[in-house]
Amino acid sequence: MGEIGKPFAATWGPLFVSGHSPVPARGQACCVPDWPRYCLEPMSPADFERFSRSAIAYNVGVALGYRGLIAIDRDTDERTIVEALRDVFRSIYRRGGIPVAKFGSKGNTAFFRWAGAAPFRNRTFTSPAFGVMLELSGAGRSTTLPPSIHPKTGKPYTWRTARTLLDTRVDELPALTAGDVEAIEAALSPFMPPPKEPIALRPRVSASELNERERIRHERYALTILERETAALAAMQPDSGRNRKAFDLACRVGRYVHNDILPPHAVVDPIVRACEANGLVQEGRAAVLKTINSGLRKAAGDALPDLRASTQGGR
């Protein structure tokens, strides 16, 4: 079936028998033209044999998305990020399925089967401080498998679990749902860039500079934002970024809490009600509150927009 020192030749057979779509690779890149078609259907046995018999010692990869195969690549060993994700993955594994994971040069890549109603969407979570934190990969992407040689380290990839993709079908892997993706997004939100404001209002002002009339104006302004944005949040569907929307909204109006314009419950309660309406709370009320609180913390120190300046500029 294969030869020592030729990763693709040695492993395509067991991978194919286990229901996967193996592909030959050079380094970390699949070397077959138009290879994403193998995310829908594996290459022919004749092609498998042709690449196996080649004098080139091809690495072996697997086309993701085939039969719902998903790879989650944690691309960092930063302790705070690992800890932020721990509870999310414990919850996923607690539901059952055979854990399968591999290691290249850092982090960890684990495999799952997509169980969401909507098509899976590839995602990359990036932090200004830590770079790429996590990649969620399905159709249109591939990943390199053991015993391929890592192009940077010169060492073989290794399996981190007792079971591997060579002896585990996709339907035996832990299920990944839209709610899990949103929980991952919520866990990583504190590390991600703050939301951009639709309009940059300058200069900023301190709450201590406001008279009572101006305080009331800021309160109405903040409540108007909340009313409009929570209505949009309430209408969002699963796997559409509901958690990120809740986080962004808490970030945006958090300044009004920190500047004593609104009490915390005036911000938290409407966002929670919106998440009840869109079903996000069903995935875990504690996770929703954690998302909102993360957004509020992100807004700490933000000054208020100068509403007088914005009004004058609009005349």
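# Reading helices, strands and a pocket

Guide: Helix α3 bends by about 35° at R86. The bend at a residue is the angle between axes fitted to the seven residues ending there and the seven starting there. Helices (H or I, at least four residues) and strands (E, at least two) are DSSP runs, numbered from the N terminus. This is a predicted model, where local features need pLDDT of at least 70, side-chain atom pairs count only at pLDDT 80 or more, and totals for chains, interfaces and linings use all residues. Residues are numbered from 1 along each chain as its sequence is written, and side-chain values use heavy atoms, with hydrogens and water left out.

Visitor: How many residues does α3 have, and what span does it reach?

Guide: The expected span of a helix is 1.5 Å times one less than its number of residues. α3 (residues 79-94) has 16 residues and reaches 22 Å from first C-alpha to last, close to the 22 Å expected. G96 follows α3, with a positive phi near 115°.

Visitor: Which residues of α3 are buried?

Guide: Buried means under 20% relative accessible area, exposed over 50%, partly exposed in between (1.4 Å probe, protein chains only). An α-helix has 3.6 residues a turn, so residues three or four places apart point the same way. In α3 the buried residues are I81, A84, L85, V88, F89 and I92.

Visitor: What covers the buried residues of α3?

Guide: Look for contact, which means heavy atoms within 4.5 Å. The cover includes β4 (69-74), β6 (108-114), β8 (131-137), β11 (175-176) and α4 (178-188).

Visitor: What covers the buried residues of α7?

Guide: Helix α7 (residues 264-277) has 14 residues. Its buried residues include A266, V267 and V268. Their cover includes α5 (212-234), α6 and α8 (285-298). Just after α7, G279 takes a positive phi of about 90°.

Visitor: Is N243 buried or exposed?

Guide: N243 is buried, with a relative accessible area of 3%. It sits in helix α6 (residues 242-258). Leaving out residues up to four places away in sequence, N243 touches E182, A183, E185, A186, L280 and T291.

Visitor: What is the order of strands in the open sheet?

Guide: Two strands pair if DSSP finds at least two bridges between them. Here the order of the four strands is β2-β1-β3-β9, with antiparallel pairing. β2 (29-30) and β9 (142-145) are the edge strands, each pairing on one side only. Four bridges join β1 (residues 22-26) to β3 (residues 59-63). A25 stands opposite N59 in β3.

Visitor: Which residues lie nearest the centre of the largest pocket?

Guide: On a 1 Å grid over the protein atoms alone, a pocket is an open set of points with protein on both sides within 12 Å along at least five of seven lines; lining residues have an atom within 4 Å of a point. Of the 22 lining residues, Q28, D73, D75, K102 and E135 lie nearest the centre. The largest share of the lining, three residues, comes from β9.

Visitor: Where do a cis peptide bond and positive phi values turn up?

Guide: Most residues other than glycine have a negative phi, and most peptide bonds are trans. Here the bond from P146 to P147 is cis, with omega near 5°. P147 is in the loop between β9 and β10 (158-159). D34 has a positive phi of about 55°, and D34 is exposed at 56% relative accessibility. D260 has a positive phi near 60° and lies in the loop between α6 and α7.

Technical notes. 1 Å grid on protein atoms, 1.4 Å probe; cavity = no way out; pocket = protein on both sides within 12 Å on 5 of 7 lines; lining within 4 Å.
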